[in-house]
Amino acid sequence: MNRFAWLIALGGAVALAGCDKSPEQAQQDVAKAQEKAAQDVAKAQQKAAEKSAEAQQKLDAARAEANADVQKANAEAGEKINDASADAEKVERRAGDDLADEQSDAMVKDAKARYDVALAKADADYDVAVQKCATLPDAQQGGCKDAAKANAEAQRQHAKAELDNTETAASKLERR
């Protein structure tokens, strides 16, 4: 057991001396909450990895298609020197726009996946904190739960700000 977990367990056991639950029951509740939190975070991370991989595949496909379009346009330019040069520039611009759109979409999907993970982590941390608060004497539980709620809300707001910043950057990428 790592040092942090051991300290939490020891602190929980000491705090349990004045509450209605037995130290063993309270410790079991905390352990269950920690296990559920770890599972929730792992699921959210898995979903985020899947979303990110899907976005990356689309981005790679868009790059390959854009490169193929540019190569085709350049080959035609050799046959029609004057007209093909203008056509190649149009295709390249469109391919660049398409690539920028795909990059923007990938950025947003990745940011949303990270946002989902952050929300899951905030919820999991809150659940664990509430379980720990339950081990405190009744007079201290309200303040403990308020602090846990404030911390979870701060985590959510930070995650939302990161998502908003990424979406703003992605929209600027599309407008180039």
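1. Contact order. Among contacts in the chain between residues at least 6 apart in sequence, 75% join residues at least 24 apart; a contact here means heavy atoms within 4.5 Å. The model is predicted: local features need pLDDT of at least 70, side-chain atom pairs count only at pLDDT 80 or more, and totals for chains, interfaces and linings use all residues. Residues are numbered from 1 along each chain as its sequence is written, and side-chain values use heavy atoms, with hydrogens and water left out.

2. Secondary structure. The chain has 4 helices and 0 strands, and its pattern along the sequence is α-α-α-α. Helices (H or I, at least four residues) and strands (E, at least two) are DSSP runs, numbered from the N terminus. Helices α2 and α3 span 23–79 and 81–133, and helix α4 covers residues 138–174.

3. Burial and surface. Of the 176 residues in the chain, 27% count as buried. Buried means under 20% relative accessible area, exposed over 50%, and partly exposed in between, with a 1.4 Å probe and protein chains only. The accessible surface of the chain comes to about 11,600 Å², and 52% of this belongs to carbon and sulfur atoms. Accessible areas come from the Shrake-Rupley method with a 1.4 Å probe; for residues, only the protein chains shown count as cover.

4. Salt bridges, overall. The count comes to 10 salt bridges. The rule asks for a side-chain nitrogen of Lys or Arg within 4 Å of a carboxyl oxygen of Asp or Glu.

5. Asp40 and Lys36 meet through their side chains in a salt bridge, at 2.9 Å from N to O. The two residues are 4 residues apart in helix α2, so about one helical turn separates them. Asp40 is partly exposed at a relative accessible area of 24%, and Lys36 is partly exposed at 45%.

6. A bridge from α2 to α3. Lys51 forms a salt bridge with Asp116, and the closest N and O atoms are 3.0 Å apart. Lys51 lies in helix α2 and Asp116 in helix α3, so the pair ties together parts that are 65 residues apart in sequence. Lys51 is partly exposed at 38% relative accessibility, and Asp116 is partly exposed with a relative accessible area of 34%.

7. A bridge from α4 to α3. The side chains of Arg156 and Asp123 form a salt bridge, 2.5 Å from N to O. Arg156 is in helix α4 and Asp123 in helix α3, and this pair links distant parts of the chain, 33 residues apart. Salt bridges that share partners join Asp123, Glu153 and Arg156 into one network. Arg156 counts as partly exposed at 26% relative accessibility; Asp123 counts as partly exposed at 34%.

8. Negative patch. Which residues gather in a patch of negative charge on the surface? They are Glu65, Asp69, Asp98, Asp101 and Asp105. Helices α2 and α3 are the elements that give two or more residues to this patch, and α3 gives the most, with 3 residues. Patches are made of residues with over 30% relative accessible area and no salt bridge, with like charges joined within 9 Å and nonpolar side chains (Val, Leu, Ile, Met, Phe, Trp, Tyr) within 5 Å. Lys and Arg count as positive and Asp and Glu as negative, while His and the chain ends are not counted. The place of a charge is taken as NZ of Lys, CZ of Arg, CG of Asp or CD of Glu. Asp69, one of the patch residues, sits in helix α2 and is partly exposed at a relative accessible area of 33%.

9. Thr166. Is Thr166 buried or exposed? Thr166 counts as buried, at 14% relative accessibility. Thr166 is in helix α4 and touches Met107, Ala111 and Arg114, leaving aside residues up to four places away in sequence.

10. Two C-alpha distances. Ala150 lies in helix α4 and is partly exposed, with a relative accessible area of 46%. The C-alpha atoms of Ala150 and Tyr126 are separated by 9.3 Å, and these residues are 24 residues apart along the chain. Glu76 is in helix α2 and counts as partly exposed at 39% relative accessibility. From C-alpha to C-alpha, Glu76 and Ala88 are 8.1 Å apart in space, and they are 12 residues apart in sequence.
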